[in-house]
Amino acid sequence: MPGKTLFEKVWDTHVVSQDEGAPAVLYIDAHLIHEVTSPQAFAELRERGLPVRRPDKTFATMDHAIPTRIGVDISLWPADAATQVETLRKNCADFGVPLYDIKDEIQGIVHVIGPELGITHPGMTIVCGDSHTSTHGAFGALAFGIGTSEVGHVLASQCLMQKKGKTFAITVDGELGKGVTAKDIILAIIAKNGAGGGAGYVFEYRGSAIRKLSMANRMTICNMSIEGGARAGMIAPDEITYEYIKGRTFAPSGERWDKAVAYWNTLYSDDDAVFDREMTLDASTLEPMVTYGTNPGQGIGISGHIPTAAELEDPAERRSLAAALDYMGLTEGQKMAGQHVDVVFIGSCTNSRMEDLREAAAIAKGRKVADNVQALVVPGSKAIKAQAEAEGLDRIFSEAGFEWRGAGCSMCLAMNDDKAGAGKYVASTSNRNFQGRQGPGSRSLLMSPLMAAAAAVSGRVVDVREMM
Amino acid sequence: MQPFTQLTTTALPMRRENVDTDQIIPARYLTAVTKVGMGDGLFSWWRYGRDGKPNPDFELNKPEYAGSQVLIAGRNFGSGSSREHAVWALTEYGFRAVIAPGFADIFYNNSLKNGLLPVALPEETVNMLLDLIEEEPGTTIAIDLENQTVTLPDGQQMGFAIDSFRKMCLLDGLDDMGYLLAKGDAIAAHEAEPAY
C-alpha cells in the first residue's frame, strides 16, 4: 500500500463514521464563526430546539460588516451592521459561545485571530462560514469554508457530512528574487492553473521555497487556495510552525506540548504517497504579479502584458478576457506597469499581518501617497494594530498620507462603509478582483503589500523592485 | 428542504464563465439576519443600472426568458465566497436547477442543501444547450433526477452524474441534520480519543 498524503492523514483521523454509499461524517476540531454567515444557522438551532454541542470548540468574532473608523459605539453604526453584531452577541450569549467582541481587547479578522490565539494547530479540522478558512491550512490543518446550513450542522453535531477531496501537490522550489513575495507565488499558481483549476482538490504546497516562508507568508498562500478553486490548501508543519504556536493562549503547554509536537511531527506526506495531480513552479523565475481581470486567475508579471485574444486558444477564455477588459477599462496587450490607481487597500485575511505591514511601511517610509490617491491600511487584528503602533508603523503610514484604521475585513469585500467608487482602480492586497467586490463598479488590481505600497506612493502600478 | 424529483421548464442562458457568488448576490445583501428577500438582490449588479432601473440587456430582464426555472451558464459557476445567500437568492427568485460545465465546490454543496440541483454536463453539451436556447427561447428542458437525465423536446437525452446519497436526499427533501444527530454515540466515541 502506498504511503499517505498529509491530507489523507488528517482526513483519516477525523472520520467518525462512514456508512456504505454515504459521505463520511467528519469531526471538526475548531469552528470559527462571525456575524454575517451565522445568524440563520442559530435560527435553525432555535427552531429545532438544539444546543451547540461543543461551545468550547466554537469561537466567534466580528469582522465582515463592522466599520473600521467609527469606533465601537454601535449606536453610531449603520443599522444593518449594528443588527448583525447585536444578533451575534445574543446568539453567543444564549448558546454559551465565546465571543471576541469589537469592545474587547482581542478582535479582528477571523482568520487572523484564530492563529494569533493559538486556536489553529497542525492536524486539526477547522471550518468557518467563510471561504478563506483555507488560511489555517498553513499550519498543516485541514481547513475549509462552509455554507450556513453546514455552520448549523457543526454547531449542533460538531460534524459535517463530507466527500473526500482529491489531492494536488504544488511544489515550489528555488529562491525568490528581491521584491517577490508569497503573494506573487500564489497569484502565479492561480494564473497558471486557472481560477477553477483546483475544484474538487485539496492543495498541498511543498518544496524548498515554501519551507523558507514565515507563518504569515504561508497563510497568505493557503488563504488564496480557494481562488484557485480548491476549498483547502495545506502545508506540512515544521519548526517554523511550532515556534509560531508555542506560548499562545490556546496552545498546548507542558507535557501536552511535547506530546503534541511528537504527533505533529508525523504530519507530512510520505515519500511514496501518491497525489492525484501535481504541478511545479520555480520561484526564481517569478516577478511581482498584478491582476488585470475579474477573476484571480487573470494575473501577469509586472513586465508582462495582458494577453491578446489571439494568444488564447480556448473560446471560453477569450470570452472571459473580453468581458473582464470591458469591465476593467483595460486593453488587450497592455502592460500593467504605468496603470493609474485611485485607491490603495492594504489589509484583508490575505495580507494584514505584521510582516505585510512592515513590508508596506518600508516602502512608505519617507515617501508620500500620490495626489488623488486614497490609501488605507487596515490591520488584521487589534493585536497587530497594537504591535504595529509599538513599532511606529502607524506613524510611518500616517506621515506618508495613508489612513490607519481599526481591524476588520474592510474594503476586501466592502460590506462596511469602506468602498471604492465606481470605475476606480484599487491596488489591493486582498484576494478577490470580482466585479464590484470593493464597492459598486470598483476595479481591483490584486498585488502584494510591497507592490500596493509602491502603487500608493507612485499613483500608478510600478515595479517595486526599482524602489528597493 | 424542498424535494427535487422532475422539472420541465424553459431555460435562461447565461453565456458567462466564472460567475462568482459576489455577482449572484452582492455583499450588501449579506447584512440580513434571515434568508428572506435574497431573490431581490439576485445578480443585482448586472440586473440593474446605476440608476436602479432594470438593465434591458441582461439575460434575467429579457421577457423571452421570464419564468425559467433552470439557469445554464459557463464553467466554474458559483466561485468565490462561501455565502449560501447565493443559493437562497437563486431559489427565492425561482430557479430549481443550474446547468454548467463545472461548479465551485462550496457552491455545489450549498445547492444540494437547499434543493437546488446543480447539473454538470460536458462543456460542448452546455454550449449546444446555450446555442439552442438563444436561438429558440422558450425551448423546454426536462430534468429527471431519479434517472439522472436532461431531455430536450426532440428527444435528445443527456445523462449526468450525482452522488447517490445526495440524490436520495434531494429526492426525499432530507437535510444532513437528522443523519448527523443520529450519530451521537459515534461522535462521543471519537471525542473520547483525542490524537494526543
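**Exercise 1.** Which way do A:V343, A:V344, A:F345 and A:I346 point from strand β15 of chain A, and are they buried or exposed?

*Solution.* This is a predicted model, where local features need pLDDT of at least 70, side-chain atom pairs count only at pLDDT 80 or more, and totals for chains, interfaces and linings use all residues. Residues are numbered from 1 along each chain as its sequence is written, and chains are lettered from A and ligands numbered from 1 in the order in which they are written. Go to β15(A), residues 343-346 (strands are DSSP runs of E, at least two residues, and helices runs of H or I, at least four, numbered from the N terminus). A:V343 and A:F345 point one way, A:V344 and A:I346 the other way. All are buried (20 or more other C-beta atoms, placed from the backbone, lie within 10 Å of the residue's own).

**Exercise 2.** Find the strands that pair with β15(A).

*Solution.* Strands pair if DSSP finds at least two bridges between them. Start with β16(A), residues 374-377: four bridges join this parallel strand to β15(A), and A:V344 stands opposite A:A375. Next take β18(A), residues 425-428, which is also parallel to β15(A) and pairs over three bridges. Here A:V343 faces A:V426.

**Exercise 3.** How many residues does each chain give to the contact?

*Solution.* Chain B gives 46 and chain A gives 59, with contact meaning C-beta atoms, placed from the backbone, within 7 Å. On the side of chain B, α8(B) has the largest share, five residues.

Note on methods: Contact = placed C-beta atoms within 7 Å. Buried ≥ 20, exposed ≤ 12 C-beta atoms within 10 Å, placed from the backbone.
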